[in-house]
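Subject: Two-chain model, for your files

Hello,

Here is the structure I said I would pass on. My notes follow below it.

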Amino acid sequence: MSLDSPAVHLTGVRLVRDGRRVLDGVDLVVPRGAITAVLGPSGSGKSTLLAALTGELQPAAGRIEVLGQPLPRDKRALLQLRKGIGVLLQGNGLLTDLTVAENIALPLRTHTTLPGPVIDRLVAMKLHAVGLRAVGGAYPRELSGGMARRVALARALALDPPLMIYDEPLTGLDPIASGVIMSLIARLNASLGLTSIIVTHHVHETLPIADRAIVIANGRIVFSGTPGELQATTDPLVLQFLRGDPDGPIAFDAVPRDGLALEAPAFEEPA
Amino acid sequence: MPFITATRSLGRAGLFSLSVLRASTPTRDFFVELTREIYKIGARSLPIIAVGGAFVGLSVTLLGYRALETYGASNQISALVGLGLYRELAPVLTALLFIGRAGSSIAAELGLMRATDQITALGLMAIDPIAKAVAPRFWAAVICVPLLTGFFCSLAITASYLEAVHVIGIDSGTFWQVLKDAVDFRHDFLVALEKSAVFGGTAALVASYVGFHAEPTVEGTSVATTRAVVNASLLVLMFNFVLSAFLFGK
């Protein structure tokens, strides 16, 4: 793993899910150490892109390199690579039959041979980093949405991965919890020297902490640059998304899919 | 093409079973999970197995007594109850009660884990979800169901004894002697436990397979639970016939 290579490098990637082409011709470079915001309306293919970065979805064409090595197809090698990637899922994915502390200890216990007391100490440090040292013994169901998100963040950080991917980190959170999560992401990225990719449609909360921004719409990357350049853009497609206009180049109607459309009776002109 | 679809899902279930066996590595975490599952699906099934066993013992005794009385052989009642229980009734009924009590909960738990991103999260943490969530449940069932069958037999025989000796009036010494002469420890009792281990493993594999692959929705979880109970029960009944034909055929 060479350190000067970009954290993520996509060349000519085409992603197909359930026989439907979701993204095509994606070229993307995520530099190390930066926070990159991947923005786009719902259904634009952000989650599909995330699934491709973690190796869950193999690209139909093109090449994906993560942390300087091409994504392996072999399951064992893929699991090895995933130890270097922390993912915060939209639904948190905390194991409900384990306590907060056990959840965070899980990747440490599975992937390291550290003795119990050291793991307990590391878990306490991770909880401290997200400001939740007091709730280590609680079960996930006893936490608020914002706290559960922070626990999931601490668990994603457990193995000190060089690359963090956040999938819609603000969904379902109030403005204060959103602010807490965003400042945590920025602080952790700087203090731990991480590379962060934030996949979201929350433009205004994300842009202030992002170093780079990418906008996905209509199955391709429509903008790539700094947040400043994004604010100054005149592209009607990007502007529609930034301003939240209902009318514009991004279609409101769903793209037709085979077998899903309702049969509408033919409309006859009155004589 | 229903034939191709059926063959494909059979193959998938077979591969799933192989991956469960491959993922069963005896780590410390595995034993922690295994103990928890044995308590959850084994120990907590004890009450229904006890009640089920007692009533089966009572009804088989009553039924057998009426039939044997015609031939003046009513003191052979414990042989009939013993053989009937160990060879067929106890393994099958325990497995069916287990499926209703624990198989459904295995399918529902795994379905909900899928629906709430827990299985995805495990994969993303480079933890094999089959090793973490499925393998301990499978082995817990393989260990628990034979023990539950033994428990079922004890309760059924006790209930049968109480009815035959204290209600019907058969001599207590005859009851035990006839039972001892008729039932062989190796060929009847141990075979019952072996059958039960197969049934427990089958039930757990079917329930985990449908739960693990459930649609990540509320409806998907409920469909998986129903399917787990129906498919596992039918498979147990079919396997019971095949195993009985082989084991007791001679």
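**The sheet of chain A**

In this predicted model, chain A holds an open sheet of six strands with mixed pairing, in the order β6-β7-β8-β3-β9-β10. The edges are taken by β6 (85-88) and β10 (220-225) of chain A; each has a single partner strand, so one side of each is left without a neighbour in the sheet. On average, and with direction ignored, neighbouring strands of this sheet are turned by 15° against each other.

Within the sheet I looked in most detail at β3(A). Five of its five residues are buried, so β3(A) is largely enclosed by the rest of the structure. Ile35(A), Ala37(A) and Leu39(A) point one way from the strand, while Thr36(A) and Val38(A) point the other way, and all are buried.

Its pairings are as follows:

- With β9(A): strand β3 (residues 35-39) and strand β9 (residues 212-217) of chain A run in the parallel sense and share four bridges. Ala37(A) is placed opposite Ala213(A), and Leu39(A) opposite Val215(A).
- With β8(A): the pairing is in the parallel sense over five bridges. Here Val38(A) stands opposite Val199(A).

**Helices against the sheet**

Helix α9 (residues 236-243) of chain A lies across β9 and β10 of chain A, at about 100° to β9(A).

Helix α6 of chain A covers residues 175-192, which makes 18 residues. From first C-alpha to last it reaches 25 Å, close to the 26 Å expected at 1.5 Å a residue. Which residues of α6(A) are buried? They are Ile181(A), Met182(A), Leu184(A) and Ile185(A). These cover an arc of only 155° around the axis, which puts them on the same side of α6(A). An α-helix has 3.6 residues a turn, so residues three or four places apart point the same way. On the other side of α6(A), the exposed residues are Pro175(A), Ile176(A), Ser183(A), Arg187(A) and Ser191(A). The cover over the buried residues of α6(A) includes α5 (145-156), β7, β8 and α7 (203-206) of chain A. Just after the helix, Gly193(A) has a positive phi of about 65°.

**Chain B**

Chain B has nine helices and zero strands, so its pattern along the sequence reads α-α-α-α-α-α-α-α-α. Its C-alpha trace spans about 70 × 45 × 30 Å along the principal axes. Of the 250 residues in chain B, 44% are buried. Among the contacts in chain B with a separation of 6 or more, 86% are between residues 24 or more positions apart.

The helix I followed here is α3 (residues 46-70) of chain B. It has 25 residues and reaches 37 Å from its first C-alpha to its last, close to the 36 Å expected at 1.5 Å a residue. The buried residues of α3(B) are Ile49(B), Gly52(B), Gly53(B), Val56(B), Gly57(B), Val60(B), Thr61(B), Gly64(B) and Tyr65(B). What covers them includes α4 (77-115) and α6 (129-168) of chain B.

**Where the chains touch**

How many residues of chain A are in contact with chain B? There are 14, and they touch 10 residues of chain B. On the chain A side, α2 (75-82) and α3 (100-111) each supply at least two residues. The largest share of that side, four residues, comes from α3(A). By type, the residues on the chain A side divide into five nonpolar, six polar and three charged.

That is what I have for now.

Regards

Methods
Residues numbered from 1 in each chain as written. Chains lettered and ligands numbered in written order. Predicted model: local features only at pLDDT ≥ 70, side-chain atom pairs only at ≥ 80, totals over all residues. Pairing = 2+ DSSP bridges. Axes fitted to C-alpha atoms, helices over the stretch in contact; angles between N-to-C directions. Contact = placed C-beta atoms within 7 Å. Expected span 1.5 Å × (residues − 1). Buried ≥ 20, exposed ≤ 12 C-beta atoms within 10 Å, placed from the backbone. Nonpolar A, V, L, I, M, F, W, Y, C, P; charged D, E, K, R; others polar. Arc of directions from axis to C-beta.
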